Amino acid sequence: MNTRSVVDLTPGESGIINGFMDDTLSLKLLEMGCLPGQPIKYNFAAPLGDPICVSVSGYNLSLRLDEAITISIQ
């Protein structure tokens, strides 16, 4: 089974947070509101592609690609 992450989404596309692939970053992402079962939407990327802007839990977050790639989605 393929595991998709937030960076696999295209701008405007949404997914449901399934979990995290990095235990170290998972606590930080949980504290930022990236909770399993929550919808997450990829809004846009910065001009050079990093960071990206996502919407989760009713607000926008800026995530580095190395953070976003650890959020698995379904």
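This is a predicted model: local features need pLDDT of at least 70, side-chain atom pairs count only at pLDDT 80 or more; totals for chains, interfaces and linings use all residues.

Student: OK, what's the strand order in the open sheet?

Tutor: The six strands run E1-E6-E2-E3-E4-E5, with antiparallel pairing. Strands here are DSSP runs (E, at least two residues), helices are DSSP runs too (H or I, at least four), and both are numbered from the N terminus. Two strands pair if DSSP finds at least two bridges between them.

Student: Which strands stand at the edges?

Tutor: Strand E1 (4-5) and strand E5 (59-63) do, and each has a single partner strand, so one side of each is left without a neighbour in the sheet.

Student: And what holds paired strands together, in general?

Tutor: Strands of a sheet pair through backbone hydrogen bonds, either parallel or antiparallel.

Student: How many bridges link E4 and E5?

Tutor: Five, with strand E4 covering residues 52-56. In E5, leucine 63 is the bridge partner of isoleucine 52, and serine 62 is the partner of cysteine 53. The hairpin of E4 and E5 has two residues between the strands, and serine 57 takes a positive phi near 55 degrees there.

Student: What about the other neighbour, E3?

Tutor: Strand E3 (residues 39-45) also pairs with E4 in the antiparallel sense over five bridges. Isoleucine 40 has valine 56 in E4 as its bridge partner. E3 and E4 form a hairpin with six residues between them, and glycine 49 in the turn has a positive phi of about 95 degrees.

Student: Is E4 mostly covered or mostly open?

Tutor: Mostly covered: four of its five residues are buried. Buried means under 20% relative accessible area, exposed means over 50%, and partly exposed is in between (1.4 Å probe, protein chains only).

Student: Switching to cysteines: how many disulfides are there?

Tutor: Zero, in a search of the whole structure. A disulfide is counted when a pair of cysteine sulfur atoms lies within 2.5 Å.

Student: New topic: where does leucine 27 sit?

Tutor: Leucine 27 is in helix H1 (residues 23-31). With 52% relative accessibility, leucine 27 counts as exposed.

Student: And glycine 37, where's that?

Tutor: Glycine 37 is in the loop between H1 and E3. Its relative accessible area is 49%, so glycine 37 is partly exposed. The C-alpha atoms of glycine 37 and serine 26 are separated by 14 Å, and these residues are eleven apart along the chain.

Student: Last one: how much of residues 4-74 is helix and how much is strand?

Tutor: That stretch is 18% helix and 41% strand, and its end C-alpha atoms are 7 Å apart.

Key: Residues are numbered from 1 along each chain as its sequence is written. Side-chain values use heavy atoms; hydrogens and water are left out.
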